[in-house]
Amino acid sequence: MDSRADERGDQRRDWRDTVRDAADLALLGILTVLASAPVLTAGAAVGAASAALHDWLDTGSWPTARRTMSRFGRGLLPGLPVTLLGLGGVGLLVTNLVALATGRVPGGAVGLAVTSVVAAVLLGYAAAIVVEVGRTGGTGWRSAVTRAARACLDHPANCAALAGTSLVAVLVGVLVTPVAVPILAGYALAAVHAVARRRPVTQVELP
């Protein structure tokens with residue numbers, strides 16, 4: 001992705017800037033999904049994409065392809081357990097929700113509501129972790145888990161906002177045509193970063 005000039009300050013933005021930003025985010029989502037296609041590389045792909053987006057929001061320029069690929073390579077092994085845990089957690093929650101919704105297990109509407117709330121909270125927590133990983137160059141998942149947990153406990157409203165944003169992204173992803181899902185991924189990542197910046201998830205210095 002090409003770099004763009006930092007347009008903060010008093011400089012006005014026109015429709016061309018908006019179109020360029022939208023195209024950049026769409027490309028980010030597509031590349032992230034493609035890099036996640038082998039499944040086990042998903043953690044590294046998301047971490048590198050989050051770091052690239054963090055750089056873009058901070059400096060107004062995307063990192064070079066070489067730097068992004070380096071981040072992706074460094075994140076492969078650390079991202080592997082994250083990917084496996086994430087897939088396992090999503091699978092378990094979806095199984096529980098389907099079982100409750102179809103009446104295969106007791107609990108009814110109350111059980112379904114409680115499980116849905118738990119899923120939404122975990123979704124917000126996962127979004128906070130992704131933002132934290134982006135702030136530290138796409139790696140450091142273990143420390144990001146701790147920082148995100150502390151931040152969500154200290155600022156539950158922030159975690160709720162991240163959960164709501166992520167939930168809307170998931171619902172839109174279910175409703176849109178599958179070919180548009182990769183594009184949506186870039187916008188969803190930008191959205192959670194934007195929400196986190198309105199009230200920072202945590203205060204950390206980049207290494």
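In what order do the elements of the protein chain run from the N terminus on? They go α-α-α-α-α-α-α-α, and the chain has 8 helices and 0 strands. Here helices are DSSP runs of H or I with at least four residues, strands are E runs of at least two, and both are numbered from the N terminus.

Before we dig in, some housekeeping. This is a predicted model, where local features need pLDDT of at least 70, side-chain atom pairs count only at pLDDT 80 or more, and totals for chains, interfaces and linings use all residues. Residues are numbered from 1 along each chain as its sequence is written, and side-chain values use heavy atoms, with hydrogens and water left out.

**The chain as a whole**

Of its 207 residues, 36% count as buried, meaning under 20% relative accessible area with a 1.4 Å probe, protein chains only. The accessible surface (Shrake-Rupley method, 1.4 Å probe) comes to about 11,700 Å², and 69% of that belongs to carbon and sulfur atoms.

**How some helices pack**

Angles run from 0 to 180 degrees between N-to-C directions, and axes are lines fitted to C-alpha atoms, for helices over the stretch in contact.

| Pair | Angle | Axes |
|---|---|---|
| α1 (residues 15–36) and α2 (residues 42–59) | about 160° | 8 Å apart |
| α1 and α8 (residues 181–198) | about 110° | 6 Å apart |
| α2 and α3 (residues 65–74) | roughly 140° | within 8 Å |

Start with α1 and α2, which are therefore roughly antiparallel to each other (over 145 degrees; under 35 is roughly parallel, 65 to 115 roughly perpendicular and the rest oblique). Their contact (heavy atoms within 4.5 Å) includes L25 and L28 of α1, along with V46, L53 and W56 of α2. Its residues split into 9 nonpolar, 2 polar and 1 charged. Nonpolar covers Ala, Val, Leu, Ile, Met, Phe, Trp, Tyr, Cys and Pro, charged covers Asp, Glu, Lys and Arg, and the others, Gly among them, are polar.

Next comes α8: the angle makes α1 roughly perpendicular to α8. Among the residues in this contact are L25, L28 and I30 of α1, and I183, Y187 and L189 of α8. The tally is 12 nonpolar, 2 polar and no charged.

Finally, the angle between α2 and α3 makes α2 oblique to α3. In α2, A44, A45, A48, A51, A52 and D55 meet R67, T68, R71 and F72 in α3. That contact divides into 6 nonpolar, 1 polar and 3 charged.

Notes
Buried means under 20% relative accessible area, exposed over 50%, partly exposed in between (1.4 Å probe, protein chains only).
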